[in-house]
Amino acid sequence: LLKCLDQWRAAHAGEIPKSYKEKTEFKSLINTMRRKADEENFNEACLMVNKCVTSVSVPAQIKELFADPACSVTTSSTPFWITAAAVKRFYNVRGVLPLSGRLDDMTADSQSFVELQSLYRNKAGSDAQAVAGYVQDHLKKLNMPSEYVSRDLISKFSKNSSFVRVIRTNPVKSPSEAVCEALETFAYEPDDLSHVVLLFRATQEFVQVHGRWPGDRDENIPADEVKLIEIYRAVQERLGLSTETAIPNMLVKDFVRFGGTEVPSVAAFCGGIAAHECTKLITCQYVPVDNCFVYNGGSQQTAVYKF
């Protein structure tokens with residue numbers, strides 16, 4: 001890929017192939033270098049063109065991290081933010097993030113692959129060492145102990161710098177305030193699960209007013225549908241939301257029809273989601289849900305709203 005990319009750039013004013021047509025031509029260029037028709041590494045190279053031959057940019061969440069006021073470190077900064085400031089300085093100086101050192105598997109003889117893997121690992125180690133140097137510079141300026149930031153944190157941060165994300169959960173608010181802020185800009189399309197959030201609120205108020213779940217008895221279903229719609233509209237008005245949108249009648253019928261019961265398959269699914277989220281928080285790996293997860297078991301839809 002690199003050899004062909006050098007040839008392509010030399011013939012195209014330093015540009016990489018971008019369009020579908022150009023990438024097809026680039027694959028043809030790769031195939032001209034084949035010595036045999038069945039060379040597996042050439043097949044792999046052609047398959048990796050769309051993934052590897054592309055413009056590289058800093059992920060949006062990393063730009064947000066660098067722009068965060070906490071990235072301007074002080075004596076009260078945590079080891080995380082001091083390391084983040086060091087990675088930011090690394091990027092400002094070199095124009096790239098630290099190398100992760102990971103190398104995808106590929107068809108190659110063992111010696112060549114091990115040598116290439118060693119190059120990646122050594123470069124990643126060198127980048128992490130540079131970040132560690134910037135960390136020590138920050139600590140020295142702040143008159144903080146050199147061991148304040150562990151080498152393990154620096155190593156992990158450097159290797160995963162493209163995937164780091166900061167999530168700040170909101171402070172606890174009153175339900176009305178939180179829902180209003182989150183839902184006031186929603187479009188309320190028919191399939192928008194924000195309807196479900198409001199219907200849960202309306203159902204809770206129904207229980208408070210009537211002392212029972214809507215649809216708890218078959219003979220109550222028709223009347224309870226009307227009552228729930230009235231409460232739904234009242235919730236919209238109280239939160240300052242538009243009441244001109246169409247009522248999601250099928251969802252209303254589903255809420256009343258279930259009569260407060262819990263479907264085992266839905267409960268199991270939501271329990272699995274909760275278990276995954278606990279694992280994320282305990283291990284500090286992967287991106288947790290932020291912060292309200294909604295699941296419609298009927299349509300198999302999911303959505304996340306930040307309250």
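## Confidence of the model

The mean pLDDT of the protein is 86, and 93% of the residues reach a value of 70 or more. Among the elements, the highest mean pLDDT, 95, belongs to helix 6, which covers residues 79-94, whereas helix 9, residues 175-183, has the lowest, at 53. Where pLDDT is low, the predicted coordinates should not be read in detail.

## The largest pocket

The lining of the largest pocket is made up of 49 residues, and those that lie nearest its centre are Leu1, Leu2, Cys52, Leu103 and Tyr120. Two or more lining residues come from each of helix 1 (2-11), helix 3 (40-47), helix 4 (49-52), helix 7 (110-141) and helix 8 (151-159). Of these contributions, the largest share is that of helix 1, which supplies five residues.

By residue class, the lining of this pocket holds 27 nonpolar residues, 13 polar ones and nine charged ones.

Helix 1, which gives the pocket lining its largest share, has three buried residues, namely Cys4, Leu5 and Trp8. Viewed down the helix axis, these buried residues fall within an arc of 100°, so they line one face of helix 1. Leu2, Lys3, Asp6 and Ala10 are exposed on the other side of the helix, and Leu2 is also among the residues nearest the centre of the largest pocket. The cover over the buried residues of helix 1 includes helix 2, residues 20-31.

After helix 1 comes Ala13, a residue of the loop between helix 1 and helix 2. The phi of Ala13 is near 55°, which is a positive value in a residue other than glycine. Ala13 counts as exposed because its relative accessibility is 75%, above the cut-off of 50%.

## Thr24 in helix 2

Helix 2, which takes part in covering the buried residues of helix 1, contains Thr24. With a relative accessible area of 35%, Thr24 is partly exposed. Thr24 and Val49 stand 25 residues apart in sequence, and their C-alpha atoms are 9.2 Å apart in space.

Helix 7 and helix 8 both give residues to the pocket lining. Within helix 7 is Ser112, which counts as partly exposed at 36% relative accessibility. From the C-alpha atom of Ser112 to that of Ala223, 111 residues away along the chain, the separation is 75 Å.

Glu147 belongs to the loop between helix 7 and helix 8. Glu147 is exposed, its relative accessible area being 60%. The C-alpha atoms of Glu147 and Lys227 are separated by 64 Å, with the two residues 80 places apart along the chain.

When neighbours within four places in sequence are left aside, Glu225 is in contact with Val252, Lys253 and Val256.

Thr243 is located in the loop between helix 11 and helix 12, the latter running over residues 249-258. At 32% relative accessibility, Thr243 counts as partly exposed. Not counting residues up to four places away in sequence, Thr243 touches Arg233, Gln236 and Glu237. Tyr232 is 11 residues from Thr243 in sequence, and the C-alpha atoms of the two are 9.4 Å apart.

## Gln300 between two strands

Gln300 sits in the loop between strand 1, residues 292-296, and strand 2, residues 301-305. Its phi is near 60°, a positive value in a residue other than glycine, and Ala13 likewise has a positive phi, near 55°. At 56% relative accessibility, Gln300 counts as exposed.

Terms used
Residues numbered from 1 in each chain as written. Predicted model: local features only at pLDDT ≥ 70, side-chain atom pairs only at ≥ 80, totals over all residues. Heavy atoms only, no water. pLDDT = per-residue confidence, 0-100. Helix = DSSP H or I, 4+ residues; strand = E, 2+ residues; numbered from the N terminus. 1 Å grid on protein atoms, 1.4 Å probe; cavity = no way out; pocket = protein on both sides within 12 Å on 5 of 7 lines; lining within 4 Å. Nonpolar A, V, L, I, M, F, W, Y, C, P; charged D, E, K, R; others polar. Buried < 20%, exposed > 50% of the residue type's maximum accessible area, 1.4 Å probe, protein only. Arc of directions from axis to C-beta. Contact = heavy atoms within 4.5 Å.
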